[in-house]
Amino acid sequence: MGMDKNTVIGFVLIGALLIAMFVINSRSNQAYLTEKKRIEDSIALTKPKVDTLAAKKDAMVTDSILAAKQKLPDVFITDTIEHLDTLENNLVKVIFTNKGGQPKIVELKNYKKFDGKPIILEDGQFNKLSYRINTGPNDTRLTADIPFVKSTKIINADKSQSLSFVLKDSSGDEITHQYTLPADSYLVDFNLSMNGTSKLITGNSLNLVWQTQAPQVEKDMKYERQQSHICYLKDGKYDFEYLGSGNDKTFDKPVEWVAVKQQFFISAISAKNKFQSAVVKWVVPADSLHIVSQTTATCVIPLSGGPLTNVPLQLYYGPSDYNVLNKYNNQMENIVPYGSGVFAFVKYINRHFLLPVFDFLRQHIASMGLVILLLTLLIRLITSPILYKSYLSGAKMKALKPEIDRLKEKHGDDKQAFSMDQMKLWKSAGVSPLGGCLPALLQIPIFMSLYYFFQSNISLRGQNFLWAKDLAAYDSIATLPFPIPFYGDHVSLFTITATLTSLIISVYSMSNMQDNSNPVMKYMPYIFPVLLLGVFNNLPSALTWYYTVSNTITLLLQIVIQKYIINHEKILAQIEENRKKPVKQSKFQERMMAMQESNKKLQDMKKKGNKN
């Protein structure tokens, strides 16, 4: 018993779609990044070397001079010394500065970088939360440059922590930045209030500037950038942009939130009453800076026009974890890329089936590698009826092979006549020509959902298994002295095992195929395993481990189904019974037969015309 060509085509299509998805997700980003790096490297070669220590000293002097020049009018009550204070819970630690009354350093307490150092999502001069206010006649300043007066930190009854920064003048007008960090939450409430709005703000809107710098967190920054997005909820609909080499996006409709999503971590700003409009710009710095991206979002907040203004905002600093984000009821769970593009629908499979099963397994099993193995086993068992249908179709096709061979001999080069008689033979025997192809295609949603799932699940991050130190990154058993095009500069053993098991399946399937005379069909199944070697070498080891296990189970199921479950004598008897029954054709089949007969008549007329 073997596989028919439709079955082979079905499995080849699955492989082609997997490869196409990887290429589509990475090619556009990589092309931009490569060109940008080439230009930056060329420019860098023409520049003289800079004494970084001297540059830092010069920058400090420049800042001091600027600070002196930008001294506020005496009517404002400020603090001349920078003060730092901290809000923290068991998840996140946020250090605030009174300069601008804004976050300065953000640390995630339960996660580490690839090198074991703490994950600092915000730290540095680029990160700012600011807007422009009137500070005197014909004079405006950014709040990020103005020292506020810090209030005492408050521990609330619900164990949340609050901290306020106040900027006021002698007439009683004031601005208050109040931050509240709930217990067991990554979401910081930021309440911006003003008394004397018409004096402090020109016009009926406030232009809030949010700048955030995403540091390198994972060991492969190239792949981290490919998995990083600029995300937003616009007019109630979620969407995202790839980093590329940098770009900008203008929003004319209301925006609920804007987020910078790295491979596994997110920085976001949200407006409870929506931003009226926004402009987001992002750049991708040189690799040597170890910065994934720098993003600036200018968000327009409408004001009521009265003397009092209250703007409720929120800041999120935390993991790209569906279970965490889903609790906030602001659609940020869409940031977790469990499906996109033409395969956006598989996110529902991941959210409502794979993720609950995965979470259940990892709560009871310590080894994440074994969790993946059991999850894969469950998936393959669920899809085994589809696999059975595919192999059953192959068995029926093989049973009809002697008759099909006789039809070939009868019609010779007349392919149209052969096709018509072959179709009639299939229908009389109750065999569908798509019986092998369709079951294989039905497995595509499962393939694609797992493809997205293992790339996006933060629970895999930092988990080791066998020789893989991190299941969320590629495993490497050897580093090459130079990069190989389409392959990389390392050897992933799980990629090799996935490739070998896929190749064994192809060899076994071809050995049992009833018709391997077509040279294209003969070699096509071998192309996909070879492409796997290059495509999967840089993908997370969880994904390549899954394909290794899945291929092994598929091969075992194939052998068991073909050798011990499918009864060849029963199939032949069933075919004979079907031949005795009247053949009922669907409208589609009737149209196909009519089309074939019409084409045959045209060919016969052409032959007669050529003879005359």
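In which helix is M510 found? M510 lies in helix α12, within a predicted model. The chain has 612 residues, of which 49% are buried, and its secondary structure comes to 16 helices and 24 strands. The points below begin with the chain as a whole and then turn to its core, sheets, aromatic pairs and individual residues.

**The chain as a whole**

- The accessible surface of the chain comes to about 30200 Å², and 58% of that surface belongs to carbon and sulfur atoms.
- Among contacts between residues at least 6 apart in sequence, 68% join residues that are at least 24 apart.

**The largest nonpolar core**

- The largest nonpolar core has 120 residues. Within this core, Y179, Y186, L208, F265, F275, Y316 and F454 touch the most other members.
- Helix α14, which covers residues 541–565, gives the largest share of this core, with 9 residues.

**An open sheet of 5 strands**

- The strands of this sheet follow the order β6-β14-β21-β20-β17, and their pairing is antiparallel.
- Its edge strands are β6 (128–130) and β17 (246–251), each of which pairs on one side only.
- On average, and with direction ignored, neighbouring strands of this sheet are turned by 5° against each other.
- Strand β20 (residues 277–283) and strand β21 (residues 291–302) run antiparallel and are joined by 7 bridges. V280 stands opposite A297, a residue in β21.

**An open sheet of 4 strands**

- Another open sheet has the order β2-β3-β4-β5, again with antiparallel pairing.
- At its edges are β2 (84–88) and β5 (118–122), and each of them pairs on one side only.
- The twist from one strand to the next averages 25° in this sheet.
- Strand β4 (residues 102–112) is joined to β5 by 4 bridges, and the two run antiparallel. K112 stands opposite P118 in β5.

**Aromatic pairs**

- A pair of aromatic rings is described by the distance of the centres and the angle of the planes.
- The count of aromatic pairs comes to 23. In one of them, the rings of F240 and Y242 have centres 5.3 Å apart. Their planes stand at 80°, which is over the 60 degrees required, so this pair is edge-to-face.
- F240 counts as buried because its relative accessibility is 19%, under the 20% limit. Y242, with a relative accessible area of 27%, is partly exposed.
- The rings of W467 and F494 have their centres 4.5 Å apart and their planes at 35°, so the pair is tilted.
- This pair links distant parts of the chain, with its two residues 27 residues apart. W467 belongs to the loop between α11 and β23, whereas F494 belongs to helix α12 (residues 493–511).
- W467 is partly exposed, at a relative accessible area of 33%, whereas F494 is buried, at 1% relative accessibility.
- Ring pairs also link a cluster made up of Y322, Y338, F358, F453, F454, F536, Y546 and Y547. F454 is also among the residues that touch the most other members of the largest nonpolar core.

**Residues with a positive phi**

- Most residues other than glycine have a negative phi.
- K274 has a positive phi, near 75°, although it is not glycine. K274 is found in strand β19, which covers residues 265–275. At 35% relative accessibility, K274 counts as partly exposed.
- L466 likewise has a positive phi, near 50°, in a residue other than glycine. L466 is found in the loop between α11 (444–456) and β23 (478–484). With a relative accessible area of 58%, L466 is exposed because this value is over 50%.

**M510 in helix α12**

- M510, found in helix α12, has a relative accessible area of 6% and is therefore buried.
- M510 and Y526 are 16 residues apart along the chain, and their C-alpha atoms are separated by 9.6 Å.

How values were computed. Residues are numbered from 1 along each chain as its sequence is written. This is a predicted model: local features need pLDDT of at least 70, side-chain atom pairs count only at pLDDT 80 or more; totals for chains, interfaces and linings use all residues. Side-chain values use heavy atoms; hydrogens and water are left out. Buried means under 20% relative accessible area, exposed over 50%, partly exposed in between (1.4 Å probe, protein chains only). Two strands pair if DSSP finds at least two bridges between them. Axes are lines fitted to C-alpha atoms, for helices over the stretch in contact, and angles run from 0 to 180 degrees between N-to-C directions. A nonpolar core is a set of buried Ala, Val, Leu, Ile, Met, Phe, Trp, Tyr and Cys residues joined through side-chain atoms within 4.5 Å. Contact means heavy atoms within 4.5 Å. Accessible areas come from the Shrake-Rupley method with a 1.4 Å probe; for residues, only the protein chains shown count as cover. Rings of Phe, Tyr and Trp (its six-membered ring) pair if their centres lie within 6.5 Å; planes under 30 degrees apart count as stacked, over 60 as edge-to-face and the rest as tilted.
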